[in-house]
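Here are my notes on the model, point by point. Please read them with the structure open.

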Amino acid sequence: MTSNTNSTNSEENSPNYPSTNSKSNNEKTQIPNGGLIASPHGQNDCIQGQEQSWGSMLGTGEMVVNGATVDLHRSNKDVSVPVKVPVNCANGLEVMKSMGLVPIDNDDFKTLDRPHVQELDDILGLAWPALDHGFVRLIDYMGDQEAIIQAARVSYGKGTKSVIEDTSLLHYLYRNRHSSPFEMCEIKLHVKLPIFIARQWIRHRTASVNEYSARYSLLDNEFYLPTADKVACQSTDNKQGRGDVLPLDKALEVIKILREDAERNYADYEKLLAPEDQKGFDVARELGRINLTLNTYTQWYWKVDLHNLLHFLSLRIDSHAQYEIRVYAQIISKILKLWVPDVFEAWEEYSLQAKTFSKSQIAVLRKILAFAQKAGLSEQELTQYLQIQGVKGREAREFKDLLIG
Ligand SMILES: Cc1cc2nc3c(=O)[nH]c(=O)nc-3n(C[C@H](O)[C@H](O)[C@H](O)COP(=O)(O)OP(=O)(O)OC[C@H]3O[C@@H](n4cnc5c(N)ncnc54)[C@H](O)[C@@H]3O)c2cc1C
């Protein structure tokens with residue numbers, strides 16, 4: 001079996017990214033196929049560029065960048081000549097100034113440090129195995145918990161208060177569905193997954209996707225086969241789900257059928273694509289692929305903001321989701337925990353392990369509480385009991401308002 005972890009959009013091969021051979025200050029991480037990835041953010045982020053055409057450049061003078069003189073003003077009129085600004089240029093601010101842009105001189109607008117989460121930087125580029133041949137691999141992320149808090153407080157710079165206040169603000173925002181601050185954070189993953197899972201995943205429309213193209217490239221001879229303990233019969237109470245696991249001998253027979261079908265179809269795929277002098281049909285890849293089984297693996301880059309990631313995880317980690325997509329959701333939830341631990345906690349508390357009550361159900365709960373109060377439960381005792389259960393402060397008030405009205 002071959003192992004190909006390159007995406008058609010693999011940024012390691014892009015001219016804007018450090019090549020696998022280039023020296024960089026950034027930590028490099030080995031991935032299973034021997035590829036390397038460095039953080040897309042250099043230690044000193046500056047304007048990256050190869051050949052850039054500045055539409056309107058009125059700056060004057062030359063500048064020395066990495067020892068080379070760069071003529072930034074071929075004339076003092078509008079120019080549209082390509083100018084080379086090497087990667088790792090000395091100072092982005094100087095380049096901006098040389099192009100005639102001077103930043104606003106105001107204490108509110110000082111340079112900011114790029115938010116970074118060390119735990120995520122530590123795992124950038126590593127591939128976490130999923131199912132038999134799949135993986136989830138963190139490629140990049142933008143923002144951290146502080147970015148959410150900053151957005152909520154609509155402020156620049158560090159302007160946050162104590163850790164406890166920030167945590168409770170995150171919980172408050174999440175609990176009350178103030179979702180846009182969570183959209184300030186984004187994550188980009190490289191995922192290898194069977195096509196039948198990709199079909200479920202792609203239904204989440206609020207992400208950006210670039211998939212391996214089987215019109216350009218050959219699909220690998222890799223297909224998902226469930227382990228025997230996951231081969232189950234149709235559930236009787238859940239029309240979409242699995243019921244009891246099949247006896248081992250039956251399960252092995254099922255796996256054999258799945259394997260043989262996938263292998264036969266892949267052999268035919270190769271025959272269709274092979275040139276005529278190799279006894280093939282020289283069929284276009286876009287057509288040859290149509291006979292492959294749905295358990296064939298594909299790959300994509302998937303970028304999503306935190307709000308929509310939490311929505312995706314809530315749906316796909318749930319026991320109603322198919323086991324195979326849950327495996328991926330579980331891995332991503334662990335990355336989430338490293339990235340934004342307090343948000344993870346809020347998501348567990350208010351989404352994953354929470355339930356929504358209908359108007360009628362709330363009416364019943366109110367009646368039950370009224371009975372308890374008639375039987376002698378005081379408001380103070382109720383408050384104490386909520387505190388013992390970890391429902392405190394504003395959240396306790398919200399709960400009491402809901403139940404007492
Ligand atoms: C257990 C399970 C079983 C499922 N079974 C089936 C099935 O049998 N058949 C089937 O076809 N699908 C099925 N689905 C897919 C499901 O119906 C959704 O399409 C999928 O989960 C994506 O959810 P979403 O639209 O909320 O997510 P996203 O597409 O990520 O959208 C997130 C949110 O953005 C908003 N949004 C996005 N696009 C639009 C839009 N065009 N208009 C209005 N609001 C928008 C909505 O509020 C939405 O909730 C299933 C999903 C699950 C989890």
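1. Burial first. A residue is buried if 20 or more other C-beta atoms lie within 10 Å of its own, exposed if 12 or fewer, and partly exposed in between; the C-beta atoms are placed from the backbone. By that count, buried residues are 21% of the 405 residues in the protein chain.

2. Ground rules. This is a predicted model: local features need pLDDT of at least 70, side-chain atom pairs count only at pLDDT 80 or more, and totals for chains, interfaces and linings use all residues. Residues are numbered from 1 along each chain as its sequence is written.

3. Confidence. pLDDT is the predictor's confidence in each residue, from 0 to 100. The protein chain averages 81, and 75% of the residues score at least 70. Residues 1–37 stay under 50, with 58 contacts beyond four places in sequence. Residues 43–81 are also below 50, and the model gives this stretch 69 contacts beyond near neighbours in sequence. A contact means two C-beta atoms, placed from the backbone, within 7 Å. Where pLDDT is low, the predicted coordinates should not be read in detail.

4. Overall make-up. The protein chain has 13 helices and 13 strands. These are DSSP runs, numbered from the N terminus: helices (H or I) of at least four residues, strands (E) of at least two. Of the contacts with a separation of 6 or more, 67% join residues 24 or more positions apart.

5. The sheet. Five strands form an open, antiparallel sheet in the order E7-E8-E9-E13-E10. Strands E7 (127–130) and E10 (207–211) are the edges, each pairing on one side only. The twist averages 25° from one strand to the next. Strands pair if DSSP finds at least two bridges between them. E10 and E13 (residues 297–305) run antiparallel and share five bridges. Glu211 has Trp300 in E13 as its bridge partner.

6. Helices on the sheet. Helix H8 (residues 306–317) touches E9 (186–194), E10 and E13, at about 130° to E13. Helix H9 (residues 323–339) lies across E7, E8 (134–142) and E9, at about 35° to E8. Axes are lines fitted to C-alpha atoms, for helices over the stretch in contact; angles run from 0 to 180 degrees between N-to-C directions.

7. Annotated site. An unreviewed UniProt entry places a "binding site" at positions including Gln200, Glu211 and Arg316. Such annotations may be inferred rather than shown by experiment. Is Arg316 buried or exposed? Arg316, in helix H8, is buried because it has 22 C-beta neighbours inside 10 Å. Gln200, in helix H5 (residues 195–201), has 16 and so counts as partly exposed. Among the contacts of Arg316 is Ile325; Gln200 touches Gln322 and Ile325.
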